[in-house]
Amino acid sequence: MADKTLGKTIARVILVAILVVGLGWMFLTPTPKDRKYPDRIPVRFWHRWGGEWAEVVARIAERYNQSQTKYEVIPLSVPGATADAKFMTGVIGGDPPDVMSMWNGAIPNMAASNLLTPLETLMSPADKKRFFEESYPVIRDSGMFRGKAYGVTIGSDLSALYVNVDHLKEAGLDVENFPKTIEGVIEWGEKLHRYDKQGNLRRLGFSMGYLDFISHSYGTGFYDRKAEKLSILNPDNLRTLTAITEQRKRVGYDKVVRFVSGLNTGSDTGGWPFISGDLSITIDGQWRVEEIRKYAPKMDYRVIPIPPPKERGTPLSGTVSGNFMIIPTSARQKEGAWDFIRFWSGFGDLEASAQCYNDGGWLPLTPKVVETKTFEAWLNENPQFRAFISILGSPTCRPMPPVPYLHFLNDQIGRAEDRAVRGTVTPEEALNELERNVKEELRKRKELGYRD
Amino acid sequence: MNKFKENLVGWAFISPWVIGFLIFTAFPFLQSIYLSFTRYDIISAPQWVGLANYRMLLFEDELFWKSAAVTIRYAIISVPLLVVAGVALAILLNNEVKGIAIYRTIFYLPSIVPTVASSVVFLWILNPTTGLVNNVLRTMGIQGPAWLNDPTWAFYSLIMMSVWHVGGSMVIYLAGLKDIPAYLYEAATIDGARPWQKLRHVTIPMMTPVIFFNLVMGVIGAFQYFTQAYVMTPNGGPQDSTLFYSLYLFRRAWKYLDMGYASAMAWVLFLVIVVMTAAVFRTQKKWVHYGG
């Protein structure tokens with residue numbers, strides 16, 4: 001009996017001690033200082049990067065803060081798929097950021113809702129010249145909607161083929177004779193697949209996908225820029241989806257899904273399956289160059305623009321997405337926000353801007369940044385990045401469709417691709433469905449009073 | 001103190017809650033009725049569109065019906081499954097064996113793990129190549145499916161995960177079991193009832209008020225099912241197999257900025273839940289026993 005009472009007393013003492021220590025830790029831990037430069041005008045900057053990337057962004061913000069004495073940029077990481085929603089609630093609640101880095105696909109919808117400041121209103125004549133005349137057309141246009149500039153890039157993304165040279169050697173293939181057509185890449189992929197005893201993939205040679213992106217290699221993608229309207233049911237899109245479906249059928253859809261969904265998500269921390277050797281040739285973005293430099297500096301690899309198909313193909317094509325700076329209409333400190341954009345994007349000191357882009361391995365606004373000593377030195381260290389620069393300057397590298405319902409369109413394109421490669425519908429039926437669904441949505445939008 | 005003053009003091013005491021309720025619950029609730037008849041992108045002022053949102057979603061939106069079907073199917077399968085699993089587990093854990101408190105804690109623990117955290121754990125468990133489930137199946141010579149990437153299995157993966165959270169209702173069932181008077185079992189024993197007969201004629205009838213409570217809460221929860229589907233299959237799963245109603249509603253509201261349409265969807269969901277709950281309440285006279 002006495003033992004039981006003693007046991008209970010000890011348990012109570014331990015519990016109270018844990019509570020005291022826990023509460024003490026909570027209350028005594030010093031809170032981080034709110035402001036490093038309390039005398040300056042605060043510029044609140046929201047961005048979508050997390051983890052190591054957030055640290056890169058914080059360093060860039062600090063470099064800006066040290067470069068002048070008027071403003072203090074205070075970065076805040078708002079990562080994840082809900083960043084747009086958080087931004088919106090900030091705006092409705094009357095407490096938006098002064099500047100935010102946003103996925104450019106969200107720009108048309110927000111600009112159409114009068115949520116964003118037309119940036120021309122903040123640009124000096126020299127800024128306007130830089131933006132409208134000296135930037136990469138594809139990047140400039142990716143931040144524009146209905147003729148006005150709403151977003152300026154601080155790091156655009158493009159995709160190309162990453163090729164593992166050691167895998168090629170092992171299969172008796174020479175990277176110097178890399179195929180000039182997408183059909184050739186598919187053939188090489190077949191030679192690079194590896195299977196286990198049960199016939200499951202244990203290495204994926206190459207898998208075609210990303211209908212939205214790769215359709216530019218076959219034609220004009222899903223938007224006709226001359227006619228300024230969507231172009232879904234065109235023969236080139238059908239050729240693209242058929243090629244994707246046929247290739248996936250040949251490898252075995254279930255095998256690819258099983259293998260790919262078992263891979264590491266590759267969340268920018270060296271866990272990318274290309275680095276771990278699970279993929280031989282894969283389509284991915286330019287930021288991976290920096291990732292390989294950090295986590296696998298000795299890896300022998302090449303970056304090669306996606307080659308066009310044998311017939312009616314477009315070399316050096318693709319579509320740009322990425323992080324674009326926007327300033328909300330209701331921002332309190334627009335001048336400070338624009339000054340920070342100028343610093344990072346390449347309107348002011350080009351060398352400082354090049355350093356910002358190089359920190360994250362991002363694509364710049366203007367060729368003038370690429371021509372700087374800083375950028376050139378970085379390119380010499382990372383020669384594979386040049387492939388992306390060559391695509392960026394190509395006239396067949398196009399912005400995403402400038403439509404306010406882009407999220408809906410992208411969801412539907414992804415859905416069509418998924419249904420076709422699973423064999424639920426034929427590629428033609430998938431595109432017909434896509435066309436029907438988009439038309440139906442547009443009809444509804446018109447009826448509800450939307451302009452487009 | 002006269003009656004008026006007494007009332008005033010009472011209202012003053014509950015005023016923080018009343019004000020909070022009026023501002024953060026009642027007002028948005030009523031406001032959303034109005035918004036459901038408008039085109040509203042959250043930024044611009046709402047534009048009146050009459051019944052257009054309701055007409056479009058009921059008669060012209062394929063995904064509305066698809067998502068409703070997925071949700072109803074989930075409710076039909078998961079709610080009875082959770083009731084049966086919860087009652088069975090509670091009966092097992094009602095035995096006074098050594099270490100029973102530890103067993104109860106183990107079964108209860110999953111229900112207090114944050115949903116997002118447990119969803120991420122399940123993403124790993126259901127990984128077709130490296131996941132625990134397929135590795136166990138592999139030792140038995142079975143090739144497991146691609147789970148969340150397989151249109152047939154993605155839905156059942158989420159059902160499986162919901163059963164993992166049964167601990168919360170299990171505790172309520174266990175409390176219900178403890179409340180059953182011992183004399184009923186003694187009388188049944190004297191009458192020669194066997195264990196199965198005691199379960200059938202004493203335990204389950206006496207548990208019906210608790211089962212009823214969990215059934216109502218389960219139906220409401222099933223129709224509002226969102227978090228796990230959002231974390232594990234944010235795009236609605238392969239072939240829309242896990243496009244739950246709330247997931248589609250969220251997409252319409254926050255991705256497409258179609259708040260009017262989403263409000264209409266929310267009201268349809270609210271009415272369906274009211275009807276379903278009322279239907280369950282109407283049946284209680286036939287099967288719920290409140291007598292001690």
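Why does N114(A) count as exposed? N114(A) has 11 C-beta neighbours inside 10 Å, so it counts as exposed. The cut-offs are these: a residue is buried if 20 or more other C-beta atoms lie within 10 Å of its own, exposed if 12 or fewer, and partly exposed in between, with C-beta atoms placed from the backbone.

This is a predicted model, in which local features need pLDDT of at least 70, side-chain atom pairs count only at pLDDT 80 or more, and totals for chains, interfaces and linings use all residues. Residues are numbered from 1 along each chain as its sequence is written, while chains are lettered from A and ligands numbered from 1 in the order in which they are written.

Start with chain A. Its secondary structure has 19 helices and 15 strands. Helices (H or I, at least four residues) and strands (E, at least two) are DSSP runs, numbered from the N terminus. The C-alpha atoms of chain A fill a box of roughly 75 × 75 × 55 Å along the principal axes. Of the 452 residues in chain A, 45% are buried. Take contacts in chain A between residues at least 6 apart in sequence: 72% of them join residues at least 24 apart. Two residues are in contact if their C-beta atoms, placed from the backbone, lie within 7 Å.

Now the domains of chain A. The assignment gives domain 1 (41–158 + 320–398) and domain 2 (159–318 + 401–447). Such bounds come from an automatic or database domain assignment. The two domain centres, taken over C-alpha atoms, are separated by 27 Å. At their contact, 25 residues of domain 1 of chain A meet 28 residues of domain 2 of chain A. On the domain 1 side, α2 (51–67), α4 (107–112), α17 (386–392) and β15 (397–399) of chain A are the elements that give two or more residues. The largest share, 4 residues, comes from α17(A). By class, this side of domain 1 has 12 nonpolar, 10 polar and 3 charged residues. Ala, Val, Leu, Ile, Met, Phe, Trp, Tyr, Cys and Pro count as nonpolar, Asp, Glu, Lys and Arg as charged, and the others, Gly among them, as polar.

Next, a pair of helices in chain A. Helix α10 (residues 235–251) and helix α11 (residues 253–261) pack at an angle of about 85°, with axes 6 Å apart. Axes are lines fitted to C-alpha atoms, for helices over the stretch in contact, and angles run from 0 to 180 degrees between N-to-C directions. α10(A) and α11(A) are therefore roughly perpendicular to each other; that label covers 65 to 115 degrees, while angles under 35 count as roughly parallel, over 145 as roughly antiparallel and the rest as oblique. R248(A), K249(A) and V251(A) in α10(A) meet Y253(A), K255(A) and V256(A) in α11(A). This contact has 3 nonpolar, no polar and 3 charged residues.

L28(A) is found in helix α1 (residues 2–28) of chain A. L28(A) counts as exposed because it has 7 C-beta neighbours inside 10 Å. N114(A) lies in the loop between α4 and α5 (125–133) of chain A. N114(A) has a positive phi of about 60°, although it is not a glycine. Most residues other than glycine have a negative phi.

Turn to chain B. It comes to 13 helices and 2 strands. Its C-alpha atoms fill a box of roughly 75 × 70 × 35 Å along the principal axes. Of its 292 residues, 34% are buried. Helix α9 (residues 182–190) of chain B has 9 residues, and the number buried is 0, so it lies largely in the open. After α9(B) comes G192(B), whose phi is positive, near 85°. L257(B) sits in the loop between α12 and α13 (259–287) of chain B. L257(B) also has a positive phi, about 55°, and is not a glycine. L257(B) counts as buried because it has 27 C-beta neighbours inside 10 Å.

Finally, the chains together. Their contact takes 24 residues from chain B and 26 residues from chain A. α2 (52–60) and α12 (245–255) of chain B each supply at least two residues to the chain B side. α2(B) gives the most, with 3 residues. The chain B side divides into 12 nonpolar, 8 polar and 4 charged residues.
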